[in-house]
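Colleague: I'm new to this one. Could you walk me through it and tell me how you know what you say?

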Amino acid sequence: MMKYKYPLFLIFSFSLFTFVSAQTWSTVGTGVKGSYSPLCVFNGKLYAGSMDSVGKKATHIACWDGKQWAAPDSDFQGNITAMVEYNGKLYAGTEIGTENNKMYNLLCWNDTLWKYIGSANGRINALCVMKGTLYIGGAFTKADTVIARHIVKYSDTTGWHKTGSLPDVVLALIVFREFLYAGGKFPSVQRLNGKHWDDVTDPNQKMPTGWVKCFVNYFDQLYACGDFDYLMKWDTHQWSAVGPFNETSNVMCVNNSGLYVGGNFTEAPGNNNVFHIVDYENSSRTWNCMGGVLFWGGDCKSYSGTVNSLALYKHELYIGGSFMLAGGLVTTNIARWTLPPDPLIAR
């Protein structure tokens, strides 16, 4: 008798709604272990944090060139909490140490070596570049010698500088219409106006009602997701809700074919089986099932799992999180989704 590694109901349930999309999913190499969060593209490669090993080498970071995984540097230490490209280098926030004795550092990688930039007294959660300056948000109140309440800026020519203060931990940063926006463990989105931060509100006071985890610019509107069961959209005048889901969302990613959302949800408008990843099309206002990702660890709960990171690399969408199946394929914590042809290129 043939023995199945995964429960039959799990495989059959996927076949009901993934038979069209299953061909667009694929695995991402072999010989690596980790949860692939965050993801960031730098110098033609895809970098992944929260790693355990590449091959038989223990490491906290890995990079993918489209064919195979490698460890960027054997001397790298600390788990990555945020990444961004700045002035031709990859900058990473890291944490290292035990639960009660952690160090939080900012490092940079020039494709050959890692360099120590500075340290903070709390976790670095978000990195964003605006007008030649790197902005750093997190759980800290001090960065190097600068007193910085959850936000600070850094220049590779002039060093660390204050940039106002925010009421609590920052989880997300983005530049939208030449302003810097911040979201996190505070009740409203904040926008930097000169040296001061202002609440982003509208006359009806409609705004996110939970912690914002991620921002994207989609069709020149600011989208926010997080600890609320919908997306919030800001057009510089008012907030409006997009959704809802049946659970929270963690991350978003945009390309010409759609807005991709990943998180803890399993349902989106018009689709009861999206399973943690969904594609939203602005023109039709529709949510498209992509086949979903599932985690099964012997508990027979077909709806468990989550998506924590998304990145576009070589016209494919890379999905990182906690799952064992993606669109019906057996894959562990990372998968890739081949995107439809770019309509601009197709013409």
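Predicted model: local features only at pLDDT ≥ 70, side-chain atom pairs only at ≥ 80, totals over all residues.

Colleague: What classes of residue make up the lining of the largest pocket?

Modeller: There are 26 nonpolar, 9 polar and 3 charged residues. Nonpolar covers Ala, Val, Leu, Ile, Met, Phe, Trp, Tyr, Cys and Pro, charged covers Asp, Glu, Lys and Arg, and the others, Gly among them, are polar.

Colleague: Why is E316 called buried?

Modeller: Buried means under 20% relative accessible area (1.4 Å probe, protein chains only). E316 has 15% relative accessibility, so E316 counts as buried. Of the protein's 347 residues, 53% count as buried too.

Colleague: What makes E316 and R336 a polar contact?

Modeller: A polar contact needs a pair of N or O atoms within 3.5 Å; within protein, one must be able to donate a hydrogen and the other to accept it, and residues adjacent in sequence count only if both atoms are side-chain atoms. The side chains of E316 and R336 are joined by one of 3.5 Å.

Colleague: Where does E316 sit?

Modeller: In strand β33, residues 316-322; strands are DSSP runs (E, at least two residues), numbered from the N terminus.

How values were computed:
Residues numbered from 1 in each chain as written. Heavy atoms only, no water. Helix = DSSP H or I, 4+ residues; strand = E, 2+ residues; numbered from the N terminus. Buried < 20%, exposed > 50% of the residue type's maximum accessible area, 1.4 Å probe, protein only.
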